[in-house]
Amino acid sequence: TELFSPQTNISIDKDNITFAGTICEKKGIRQLIKAIGLLTKQYPNLKLHVYGREWFFKDGRSYTEMLKTKYKSIIDESVVFHGVITFEKLPEKYAKARICVFPSHMETQGLVAPEAMAMQKPVVFSQLGPGPETIKNFETGLLCDPYDAKDIAEKIMWYIEHPENIEKITTNARAFVLKK
């Protein structure tokens, strides 16, 4: 919680949506990209910043390259793949984000949501697995259906359209993480 603490010296990019994790199907990145495609119709400057290692199919094909082919128009306009970064640089990436989104289809107890919460970032996390143990919906963050791009987009949009609620939620989120 020392490394992942609020960083008031770093400016938030209001168009920055951040995802960190392995770039694979079970992390919900495909649905998140589709959600960004829905959101950019109303918020054309939004950019999804993706940090994480590549995953490969059994035949050696890159999952990222599959996404870039299948969702070319969304990715070309609104998604930036940064690749792997060091653990020590992750807090800076979260600090720049307006919203951190982790729509995982399955987790044991992932760390990305609690890390971002400890930094007082607005977080959208999966309603599956440990999601409800990690986030109290609309109190310490928002939970989404990770299989539903529209629901992910609606949760991101909720933060954008309700900035007056963010400070309370993110303060609650940090306190929750520190307590747990």
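Glu 154 is partly exposed, with a relative accessible area of 40%; on this scale buried means under 20%, exposed over 50%, and partly exposed in between, for a 1.4 Å probe and protein chains only. The model is a predicted one, in which local features need pLDDT of at least 70 and side-chain atom pairs count only at pLDDT 80 or more, while totals for chains, interfaces and linings use all residues. Residues are numbered from 1 along each chain as its sequence is written, and side-chain values use heavy atoms, with hydrogens and water left out.

Glu 154 forms a salt bridge with Lys 150, and the closest N and O atoms are 3.3 Å apart. A salt bridge is taken here as a side-chain nitrogen of Lys or Arg within 4 Å of a carboxyl oxygen of Asp or Glu. Lys 150 counts as exposed, at 53% relative accessibility. The two residues are 4 residues apart in helix H7, which means that about one helical turn separates Glu 154 from Lys 150. Helices (H or I, at least four residues) and strands (E, at least two) are DSSP runs, numbered from the N terminus.

A salt bridge also joins Lys 155 to Asp 151, with 2.7 Å between the closest N and O atoms. Both residues lie in helix H7, again 4 residues apart, or about one turn of the helix. An α-helix has 3.6 residues a turn, so residues three or four places apart point the same way. Lys 155 counts as buried at 13% relative accessibility, and Asp 151 is buried at 12%.

The search of the whole structure finds 9 salt bridges. One of the salt bridges is formed by the side chains of Glu 107 and Lys 27, at 2.8 Å from N to O. Glu 107 lies in the loop between strand E4 (99-102) and helix H5 (112-118), and Lys 27 in the loop between strand E1 (16-20) and H1, so this pair ties together parts that are 80 residues apart in sequence. Glu 107 is partly exposed, with a relative accessible area of 21%, whereas Lys 27 is buried, with a value of 18%.

Helix H7 (residues 149-161) also packs against helix H1 (residues 29-39): the two axes come within 8 Å and cross at roughly 60 degrees. Axes are lines fitted to C-alpha atoms, for helices over the stretch in contact, and angles run from 0 to 180 degrees between N-to-C directions. Angles under 35 degrees count as roughly parallel, over 145 as roughly antiparallel, 65 to 115 as roughly perpendicular and the rest as oblique; H1 and H7 are therefore oblique to each other. The crossing of H1 and H7 is right-handed, where right-handed means that the near helix is turned clockwise from the far one by less than a right angle, and left-handed anticlockwise.

On the H1 side, the residues that meet H7 are Gln 31, Leu 32, Lys 34, Ala 35, Leu 38 and Leu 39. Their counterparts in H7 are Ala 149, Lys 150, Ile 152, Ala 153, Ile 156 and Met 157, contact being defined by heavy atoms within 4.5 Å. By class, this contact has 9 nonpolar, 1 polar and 2 charged residues. Ala, Val, Leu, Ile, Met, Phe, Trp, Tyr, Cys and Pro count as nonpolar, Asp, Glu, Lys and Arg as charged, and the others, Gly among them, as polar. H1 is mostly covered, with 9 of its 11 residues buried. Among the buried residues of H1 are Gln 31, Leu 32, Ala 35 and Leu 39.

Several exposed residues lie elsewhere in the chain. Glu 77 lies in helix H3 (residues 72-78) and is exposed at 56% relative accessibility. Glu 77 is 50 residues from Lys 27 in sequence and 22 Å from Lys 27 in space, C-alpha to C-alpha. Asp 59, in the loop between strand E2 (47-51) and helix H2 (63-70), is exposed at 54%.

Most residues other than glycine have a negative phi, and most peptide bonds are trans. Gln 120, which is not a glycine, has a positive phi of about 60 degrees. Gln 120 lies in the loop between H5 and E5 and is partly exposed at 27%. Phe 138 likewise has a positive phi, near 65 degrees. Phe 138 is placed in the loop between H6 and strand E6 (142-144) and counts as partly exposed, at 38% relative accessibility.
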